[in-house]
Amino acid sequence: MKPAARRRVLLLVALALVAAAAAVILWLPPPMQGTTGPPPLTFVGARSCEECHAEETRRWRGSHHDLAMQETTAEAVLGDFDDARFTYEGVTTRFYRKDGKPFVRTDGPDGRLADYPVAYVFGVAPLQQYLVELPGGRFQALSVAWDSRPRAKGGQRWFHLYPGERVDHRDVLHWTKPSQGWNTQCAECHSTNLRKGYRFAEDRFETTFAEIDVSCEACHGPGSRHAEWAERAKAWGMTPRGEPGLIVRFTERRRREWEMDRERGIARPTKFLETRFEVETCARCHARRGLLTEEYRPGRLLAETHR
């Protein structure tokens, strides 16, 4: 074949390949459309867990995790709001009820006395604090707290978290300052799937949570895949089998017990953990750490999002 003819053949082949590639590209679905990847995990709530995990739920109800943060119901509010008064460094704080709801009259951001409705109950023992909402979606923890211990142990009284100090509205430790802000200082460890939602341009918060307290998914991660696994088995009248779809399972606890060391007066585990799942999960709140980013993922190293 002459060189000129050979070049024409090669050109035609190249054009045919380009046309075929273009046809394949046009035939394929656009990216992220028509794919078969798993749906994103979502939080389903403790009520979804209760049907299958009744005993675990019973033991969790009333625990410190369950009562980490609550609505202001009559059962949840432990403090004396029957027109009680507490004086600290010349400021008398009054605790009372209005239309059945707890209120507090105390010094505000400008140092003047003002009346505030209690938005949430925070904690349960040995003390209970109360959250007040300020402008900008900010919830602040009052520095006057309720000692919930029995009266015989010195409890059942109001007290200030900084006794012997003069913490007024100009102090960085005053209840209206960022240091006492629920959104940034407390919320991550008292609710499930907490998102601060800070809007820098408006200097305000739109904080959200999946559940108000520390529930199942706070430690195990979002449970939608696990719930679907159980529902499929239930629909077929079968016992769930195979991979349960939980991110963090803590299965090592089944082979681990605690024994009392009589000589040292402390309990010791019969078997040391082989993985760091439990440590990495619990240390998120039960350690001296600081948040670097909100992109925490259950089961991942804590150092990826905390310091």
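The model is a predicted one. Its chain contains seven helices and 13 strands. Of the 307 residues in the chain, 35% are buried. Contacts in the chain between residues at least 6 apart in sequence include a 44% share that joins residues at least 24 apart.

From β8 the pairing can be followed onward to strand β9 (residues 157–160), with which β8 pairs in the antiparallel sense over four bridges. D147 takes part on this side too, where its bridge partner in β9 is R157.

The largest nonpolar core has 21 residues, and F81, F95, Y130 and W158 touch the most other members. Two or more residues of this core come from each of β2 (84–88), β5 (113–122), β6 and β8. The surroundings of F81 can be listed in detail: leaving aside residues up to four places away in sequence, F81 touches F95, Y96, R97, P102, F103, V118, Y130 and W158. Apart from this core lies another, of eleven residues, which includes L131, C186, A187 and L194.

The loop between α4 (182–185) and β10 (198–199) holds T192. Is T192 buried or exposed? T192 has a relative accessible area of 0% and is therefore buried. Its contacts, not counting residues up to four places away in sequence, are with F43, F209, A210, E211, D213, V214, S215, E217 and A218. With S215 there is also a polar approach, in which a polar atom of the T192 side chain lies 3.0 Å from the backbone nitrogen of S215.

How many disulfides does a search of the whole structure find? The search finds one. This disulfide is formed by C189 and C285, whose sulfur atoms are 2.2 Å apart. The link is left-handed, with -100° about the S-S bond. Because C189 lies in the loop between α4 and β10 while C285 lies in the segment after α7 (277–282), the pair ties together parts that are 96 residues apart in sequence. C189 counts as partly exposed because its relative accessibility is 21%. C285 likewise counts as partly exposed, at 29% relative accessibility.

Other cysteines call for a separate look. C49 is buried, with a relative accessible area of 16%. C52 is in no disulfide either, and the nearest cysteine sulfur, that of C49, is 8.9 Å away. In contrast to C49, which is buried, C52 is exposed, its relative accessible area being 57%.

Between α2 (46–50) and α3 (54–60) runs a loop in which E51 is found. E51 counts as exposed because its relative accessibility is 55%. The side chain of E51 is joined to that of K234 by a polar contact of 2.8 Å.

The account ends with helix α6, which spans residues 224–235. The helix has twelve residues, and the distance from its first C-alpha to its last is 16 Å, close to the 16 Å expected at 1.5 Å a residue. Which residues of α6 are buried? They are S224, H226, W229, A230 and A233. After α6 comes G237, with a positive phi near 70°.

Key
Residues numbered from 1 in each chain as written. Predicted model: local features only at pLDDT ≥ 70, side-chain atom pairs only at ≥ 80, totals over all residues. Heavy atoms only, no water. Pairing = 2+ DSSP bridges. Expected span 1.5 Å × (residues − 1). Buried < 20%, exposed > 50% of the residue type's maximum accessible area, 1.4 Å probe, protein only. Core = buried A, V, L, I, M, F, W, Y, C linked by side-chain atoms within 4.5 Å. Contact = heavy atoms within 4.5 Å. Polar contact = N/O pair within 3.5 Å; in protein donor to acceptor, adjacent residues only side chain to side chain. Disulfide = S-S within 2.5 Å.
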